[in-house]
Amino acid sequence: VFADTTISEYGLYAFTQQSIAEKLTLNAGLRYQNHSTYGGEWIPSVGFAYDLGKLTIWRGTVSKGFRSPTIRELFMWGPNPNLRPETVWNYETGFSKTFFNQKMNAELTFYIVEGDNLIVNVGPPDGFQNTGEISNKGIEFALNAAPTKNLKVNMTYSYINMKTPVYATPEHHLFLNANYRIKKLLLTANIQQVSNLDN
């Protein structure tokens, strides 16, 4: 079926950030998104960062995510003209700390994601589908280090506890990367492990 289709979408966004008593920073944002098919949606976010001292920051965020289906998802390569917009609420808090004269930085984050109608491509013949409600809890850890002037190392690890499995989302994901520079030559090594991938 061939069709001449036009979709329009526009958004307005405002963001503010304020420091209080040198240790606390608050921020808030609000976006209004309007879609020619799905109508208008308000998308808020609020957050904070608090300096605990000794190069340690505690932060937290509550935010809403919203995304309308694209023309490609609606009409091309596994199309589904009945798709609905994604809506997600994200709650997270975490800590970041700098060590060894700022040569190492570590971050630990805990989060909860609750959403509806997540759009995923489940492959042929079904193509793009709305997954329904999701409720995930997880932990993310990131470490960045520069032990020497020429060597940089970073590691990320994430664990997701899924009440309802989400297509193409792993329960465990570990990634390690190292870069070593010798004058104009850069040597890079990566290793990645993915466990319990829902497919």
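Mentor: Start with strands: helices (H or I, at least four residues) and strands (E, at least two) are DSSP runs, numbered from the N terminus. Val-46 is found in strand 3, residues 39–53. This is a predicted model: local features need pLDDT of at least 70, side-chain atom pairs count only at pLDDT 80 or more, and totals for chains, interfaces and linings use all residues. Residues are numbered from 1 along each chain as its sequence is written, and side-chain values use heavy atoms, with hydrogens and water left out.

Trainee: Why is Val-46 called partly exposed?
Mentor: Buried means under 20% relative accessible area, exposed over 50%, and partly exposed in between (1.4 Å probe, protein chains only). Val-46 has 46%, so the label is partly exposed.

Trainee: Which residues form a nonpolar patch on the surface with Val-46?
Mentor: Val-62, Trp-89, Tyr-91 and Ile-112. Together with Val-46 they have about 370 Å² of accessible area. Such areas come from the Shrake-Rupley method with a 1.4 Å probe; for residues, only the protein chains shown count as cover.

Trainee: What makes a patch?
Mentor: Its residues have over 30% relative accessible area and no salt bridge. Like charges are joined within 9 Å, nonpolar side chains (Val, Leu, Ile, Met, Phe, Trp, Tyr) within 5 Å. Val-46, at 46%, is over that 30% cut-off.

Trainee: Why is the contact of Arg-59 with Glu-107 called a salt bridge?
Mentor: The term needs a side-chain nitrogen of Lys or Arg within 4 Å of a carboxyl oxygen of Asp or Glu. The closest N and O atoms of Arg-59 and Glu-107 are 3.3 Å apart, so the pair qualifies. Arg-59 is in strand 4 (residues 56–67) and Glu-107 in strand 6 (residues 104–116), 48 residues apart. Arg-59, Glu-92 and Glu-107 are linked in a network of salt bridges.

Trainee: How many salt bridges does a search of the whole structure find?
Mentor: It finds 5. In one of them, Arg-67 meets Glu-73 at 3.1 Å, N to O. In another, Arg-67 meets Glu-86 at 3.2 Å. Glu-86 lies in strand 5 (residues 86–99) and Arg-67 in strand 4, so this pair ties together parts 19 residues apart in sequence.

Trainee: Is Glu-86 buried or exposed?
Mentor: Buried, because its 11% is under 20%. Glu-73, at 6%, is buried too. Arg-67 has 30%, so Arg-67 is partly exposed.
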